[in-house]
Amino acid sequence: MPNITEFDTIAAISTPVGEGAISIVRLSGSEAITIANQVTSGVDLTQVASHTINYGHVMDPKSQQVLDEVMISVMRAPKTFTREDVVEINTHGGIMATNLVLQTLIGQGARLAEPGEFTKRAFLNGRIDLTQAESVMDLIRAKTDKAMHQAVQQLDGSLQHLIKHLRQEIMDVLGQVEVNIDYPEYDTDEITTQMLLEKAQAVSQQIEQLLQTAQAGQIMNSGLKTAIIGKPNVGKSSLLNVLAQKQRAIVTDIAGTTRDVIEQTANVAGIPLQLIDTAGIHETTDQIEQLGVDRSLQSLQTADLILLVVDSSRPLDATDQRLFQLTQEQKRLVIVNKQDLAPAWDSAALPLTADDLTPVIISATQKSGIDQIAAQIKQLFFQGIETSQTTAVVTNARQVGLLQQAQQSLADVMSGIQAQMPIDLVQIDMTNCWNTLGEITGETAPDELITQLFSQFCLGK
Amino acid sequence: MQEYDAPEKYDVIVVGAGHAGCEAALAAARMGEKTLLLTINLDMVAFMPCNPSIGGPAKGIVVREIDALGGQMGKNIDATYIQMRMLNTGKGPAVRALRAQADKNAYHRLMKATLEQEPNLTLRQGLVERLIVHNKVCQGVVTNTGARYRAQAVVLTAGTSSRGKIIIGELMYSSGPNNSLPSIKLSEDLEKHGFQLQRFKTGTPPRVAKNTVDFSKMEEQPGDTTPHAFSYETLPQSYLKDQISCWMTYTNAHTHQIIRDNLDRAPMFSGVIQGVGPRYCPSIEDKIVRFADKPRHQIFMEPEGRDTEEYYVGDFSTSMPEEVQQQMLHSVAGLEHAQMMRPGYAIEYDIVEPWQLKQTLETKLIAHLYTAGQMNGTSGYEEAAGQGIIAGINAALQVKQQAPLILKRNEAYIGVMIDDLVTKGTTEPYRLLTSRAEYRLVLRHDNADLRLTEYGHQLGLISAQRYQQFQHKAQQISQEIDRLQKVRIKPSAQVNELLAQYQMAPLQDGVLASDFLKRPQIHYSDIQDLIGGPELPLPVIEQVEISIKYAGYIKKQEAQIAHLKKLEAKKIPANLDYDDVQGLATEALQKLKKINPTTIAQASRISGVNPADLSILMIYIQRGRIAKRAE
């Protein structure tokens, strides 16, 4: 395939990663609005007026699961930064949610932008002036090669191996299909759509397995957005400090001293956590305090993991009950703190659901029981997924998005066969799948198919 | 040799009357240019030195494209074939392929007669030895008899004659195809002008006498009884009923043993042959070595004509010594007593590395000079003819000082081929394959007229009557598609009876006729039975069916084509100084300077030019534009 990338619709997270309460995923290109519309619900982006901001949800187009609650700006060409159609999706910050949005867009056909590519387009479309051109050139030269190098470097060795293997499997079939077409009288087995179907199913299954590792891979790569919640003074900040092994949050015995959402990263038995210590949640009349509480509730909704801390030395009250209720839909771990003090209630009193794992009993001040937290997090997120070095793991949004595209091509192969389309048409989608997988590993050898043809078969005129 | 100025002046001179030269000369002459066609031997006009057949996958589509542009190959084979078959009928419409066995002599005679009768065309025997070039512009040619012919444009189609060398075992001699006179000095002249030439190799199998072949041991391959034709002008009622069969047999362990025992005498392996041969059409000795596991190889026996005993032993190309060839033949079932009439041979020849050409087939080094055909590194009569017609058209357009014709990759296989050649060059004889076309679903054999007749008409190569018929056909197609997208089929006893016949669920609600036709079992005739419609000719019905049934796939390819078109619109200035472009990777810089692409799309297809280089190039060009505006 030729390097036609110039008019692709591109996407990227355009805010610094992990900082700020809001992240922006930006799309630019002729398909920007269509692609964004395919993954959002609540508003038809193709119908909204230009330069409007719209409320909606980003959904996984397959499972119809809500990925994030978002605000979407739609800006139609030419009055945009790139002079192309531009869509900006404001997500709730946090790397996981934003990455999910990005990978879903890639899965629908957007391409991850190269460094400086938005600026480059702005220039090529006459949006910025001559003096700025130099810097754009420098940027592209300096970063593009490096980024491509990195993208391939980031590939875990076993993932690369697996994808190469899948491509070769597809190539073997494609070669056979092509030989049947270009050399109809050559005495090789005629490949049937049934054989193609079986191959598509087999490859699809392997890609599905890979996609299942994606979450684990992304956690390993960018961390679990973890919210520590609990009523005031249950020991959230102490826990944060123990996990982060740093004195970051102000720890006092006065309820409500942690006013801001503080983010910090921690490595808990190899799992990177992006820790958010929230202002204690309780009914408050203090207006400033109220702000902090609202933000806590918000960050709570977008967290990947909730560490719900309760205090075993004080009786469970209405606030505790409310927190249990607020988080019952999320992946959470209940942590019973202050094991070092006399217990005020029995652990059977906890309002656990069937999804909850056994609560972890710790003492944050004495740093006891912390290992158990790590074990339970693994249980919650990596169940059934081997994370040893030999297993292929998908680690970033680009890889996930491309794998989803490859999956879509295979689905098209299967539905084409179902509709009894001739093999040379079905083959188009199979080739697309092969090309998409090649993008992941950065393999774009020209005339690969023709080389395959001549090396595999003994062909006459 | 004392030179003299030939009294006649020409607009276009074509050198070589093989399949490329004939199309080039006819196109130029028919466009009103006074044309001279020079060839080494008038008895070898449109000669088929290898297999006596035209068409096949991709190649057959090229023949139709030539026909849509107003070329001759399709008409010539339609009048001289002895067998015709449609291949790939079990597959989709995009890969169906027509192939005909030609009566070799009849094909040559008819083409020669056509050239002779063309008003603006002079056909003459002559061996061209050098070009007349002034200030990097070609102004004519000089022959070995000393004649200086002047013209405004020259098309070279010298084929395998260029410094040709035939090899049979230990025997090696200077020769063009089939023991014809080689062209030696022209190659030397091209080198003097700075062209980079390369040695290629190809080969042909032995021919045997039909009356010594035992066909009872072979499998018959008869022609089709349903009418076909290459040319859109050929009428179905003229379809040949009395066709001659081909036959198939196989090599065996004994054949392979003979070859292995004599490998030391095989020029392919003894180091005698240095030219690069094609991977796809290997000699039989090559096959035995490279695919040692294969217990047998197919052999196709193809008749060379109606009035000759000669049979072409297809897929048995060899340059083994003559006596070994005999032994090899006699080891094959049915050929035990076959009398060899001509031995097979390998031939080495010069090609002009095709990246030295523009997409018009004009050379970059010398203006008004075009090259086409096997000389550009291709293989096959159809590939040659496809380039020939484009070179002839562009030579004529240059004389007229009009914009050239460049077929795009989404318009024709001819466009794919020329773009491949000039953008990537080739390291082996280039054969068209359907897999070389990224948009093969739209480059079908059935729609070549819809793709290209408009060009043929604009160039004046298509008669007014044919153009009218074409327009009528196009209109019928779009009207009928339109109708089927509006009219509904309602559930009725008749409809459901039909569906039951195909074991499909009965219709609950009315559906658009076009949606109904999308069902795999349903054909246009069913729709007509159910709701009636206009009487339409078969080719129209075929287009309607294909357009509707495969709409989803066609739409996908069209989206990709739209993308390509945007890139094609990004022109690269002809005089761009790549050394001035800061930041191009070294490989990209070298390749871009060598190929000198005309559009960003073409640049994107050069191997070694990556997206970052394209970005830098586009920014450089845009910056130049802004600077110009500011002045």
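A search for aromatic pairs over all chains of this predicted model finds 5 of them in the whole structure. Rings of Phe, Tyr and Trp (for Trp, its six-membered ring) pair if their centres lie within 6.5 Å; planes under 30 degrees apart count as stacked, over 60 as edge-to-face and the rest as tilted. The ring centres of Tyr81(B) and Tyr239(B) are 6.1 Å apart and their planes meet at 35°, so this pair is tilted. The pair links distant parts of the chain, 158 residues apart: Tyr81(B) belongs to strand 5 (residues 81-87) of chain B, and Tyr239(B) to the loop between strand 16 (219-221) and strand 17 (246-250) of chain B. Helices (H or I, at least four residues) and strands (E, at least two) are DSSP runs, numbered from the N terminus. Both Tyr81(B) and Tyr239(B) are buried; this term means under 20% relative accessible area, while exposed means over 50% and partly exposed lies in between (1.4 Å probe, protein chains only). Ring pairs also join Phe215(B), Trp247(B) and Tyr311(B) into a cluster.

Residues are numbered from 1 along each chain as its sequence is written, and chains are lettered from A and ligands numbered from 1 in the order in which they are written. Local features need pLDDT of at least 70, side-chain atom pairs count only at pLDDT 80 or more, totals for chains, interfaces and linings use all residues, and side-chain values use heavy atoms, with hydrogens and water left out.

Rings also take part in charge contacts. A charge sits over a ring if NZ of Lys or CZ of Arg is within 6 Å of the ring centre and within 35 degrees of the ring normal.

| Charged residue | Ring | Distance from ring centre |
|---|---|---|
| Lys34(B) | Tyr10(B) | 4.9 Å |
| Lys594(B) | Trp355(B) | 4.5 Å |

The UniProt record, an unreviewed entry, places the feature "binding site" at several residues, including Ala17(B) and Ala20(B). Its positions are given in the numbering used here, feature names are shortened, and annotations may be inferred rather than shown by experiment.

Ala17(B) lies in the loop between strand 2 (12-15) and helix 1 (19-30) of chain B. With a relative accessible area of 2%, Ala17(B) is buried. Not counting residues up to four places away in sequence, Ala17(B) touches several residues, among them Cys22(B), Leu37(B) and Met44(B); contact means heavy atoms within 4.5 Å.

Ala20(B) lies in helix 1 of chain B. Ala20(B) counts as buried, at 4% relative accessibility. Beyond its neighbours within four places in sequence, Ala20(B) is in contact with residues including Thr157(B), Ala372(B) and Gly388(B).
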